[in-house]
Amino acid sequence: MATGRTHRPATRSRGIPEATVARLPLYLRALTALSERSVPTVSSEELAAAAGVNSAKLRKDFSYLGSYGTRGVGYDVEYLVYQISRELGLTQDWPIVMVGIGNLGAALANYGGFASRGFRVAALIDADKSLVGKPVAGIPVQHIDDLEKIVEDNGVSIGVIATPAGAAQQVCDRLVAAGVTSILNFAPTVLSVPEGVDVRKVDLSIELQILAFHEQRKAGEEGGGDVEGVLPAAAAVRSPGAAEGAGATSSGRKGPDGDLPAVMPA
């Protein structure tokens, strides 16, 4: 089976827009649920509703994949699951390393959805020597001094950072230097990476601030008055793609991960 180091997804070379790429996991999640219920076909309207987008946008997205469905029948569920999985690079094994095994890191390590989505946690890494050797989710924690060797030995190209903010950039630099070219960042800080490295950021506090912004706005509308003191940080983070679960993504930019948070799949 191929590993992550030997393959890069072809979405950019095929000209698929980033907004479409961000929606593909939403379609895949909805299709997987249909597949588990043995539903053979689905209409664009039904699938769009399940994914939380409009049907015209879904049909446009699928046109980039070369999939147009059959009039009066809809889309073949199993074929779409395969097609989207292939486009996302999920038909192969992607070994990942996770750095920072505190409360959040341990919770992520115990998340059962990685394996079913094509990701294998190859190693858990932490700087705390008292954690070294202790199993988390059945995987013994290794010391950060061995990070470079771990990345090389496992052919890792995707890293997950769940460290405190102060340590995140140094960890990021070491991962990149070791050959990691994609990073999922849970640390509450913006990372600076060289060209060719992709970063996606998950910040639950930002998501809560966005919700608080909308709750305050709704309260103001119900009261019939203007809303004062709305959260400017949340407003600044908000973009049209945020409502559809589109996260921040970048390639070849300094400080690329401060636009929108990614959302872990359910």
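Tutor: Let's take helix H3, which spans residues 55–64 and has Ser 55, Leu 58, Asp 61 and Phe 62 among its residues as buried ones. These four sit on the same side of H3, because they cover an arc of only 120 degrees around the axis; the arc is taken from the directions that run from the helix axis to the C-beta atoms. Buried here means under 20% relative accessible area, exposed means over 50%, and partly exposed is in between, with a 1.4 Å probe and protein chains only. Helices (H or I, at least four residues) and strands (E, at least two) are DSSP runs, numbered from the N terminus.

A word on the ground rules: this is a predicted model, in which local features need pLDDT of at least 70 and side-chain atom pairs count only at pLDDT 80 or more, while totals for chains, interfaces and linings use all residues. Residues are numbered from 1 along each chain as its sequence is written, and side-chain values use heavy atoms, leaving out hydrogens and water.

What lies over the buried residues of H3? The cover includes helix H1 (18–36), helix H2 (44–51), strand E2 (75–76) and helix H4 (77–88), where contact means heavy atoms within 4.5 Å.

Now look at the two ends. At the N-terminal end, Asn 54 caps H3, with a side-chain oxygen 3.2 Å from the backbone nitrogen of Ala 56. That is a polar contact: a pair of N or O atoms within 3.5 Å, where within protein one must be able to donate a hydrogen and the other to accept it, and where residues adjacent in sequence count only if both atoms are side-chain atoms. After H3 comes Gly 66, which has a positive phi near 80 degrees.

Rings of Phe, Tyr and Trp (its six-membered ring) pair if their centres lie within 6.5 Å; planes under 30 degrees apart count as stacked, over 60 as edge-to-face, and the rest as tilted. By this rule there are three aromatic pairs. In one of them, Phe 62 and Tyr 75 have ring centres 5.1 Å apart and planes at 85 degrees, so the pair is edge-to-face. This pair links distant parts of the chain, since Phe 62 is in helix H3 and Tyr 75 in strand E2, 13 residues apart. Phe 62 is buried, at 0% relative accessibility, and Tyr 75 is buried too, with a relative accessible area of 5%. Together with Tyr 27, Phe 62 and Tyr 75 form one aromatic cluster.

Asp 61 gives us another way out of H3. Its side chain meets that of Arg 23 in a salt bridge, with N and O 2.7 Å apart. Here the link runs from Arg 23 in helix H1 to Asp 61 in helix H3, 38 residues apart. A salt bridge is a side-chain nitrogen of Lys or Arg within 4 Å of a carboxyl oxygen of Asp or Glu. In general, side chains of opposite charge can pair when their charged atoms come close. Both partners are hidden: Arg 23 counts as buried at 9% relative accessibility, and Asp 61 as buried at 2%.

Asp 126, in strand E4 (residues 119–126), is buried yet has no salt bridge, and the nearest side chain of opposite charge, Lys 134, is 11 Å away.

The chain has ten helices and nine strands, and 43% of its 266 residues are buried. The structure holds seven salt bridges, among them the one between Arg 23 and Asp 61.

How values were computed: Lys, Arg positive; Asp, Glu negative; His and termini not counted.
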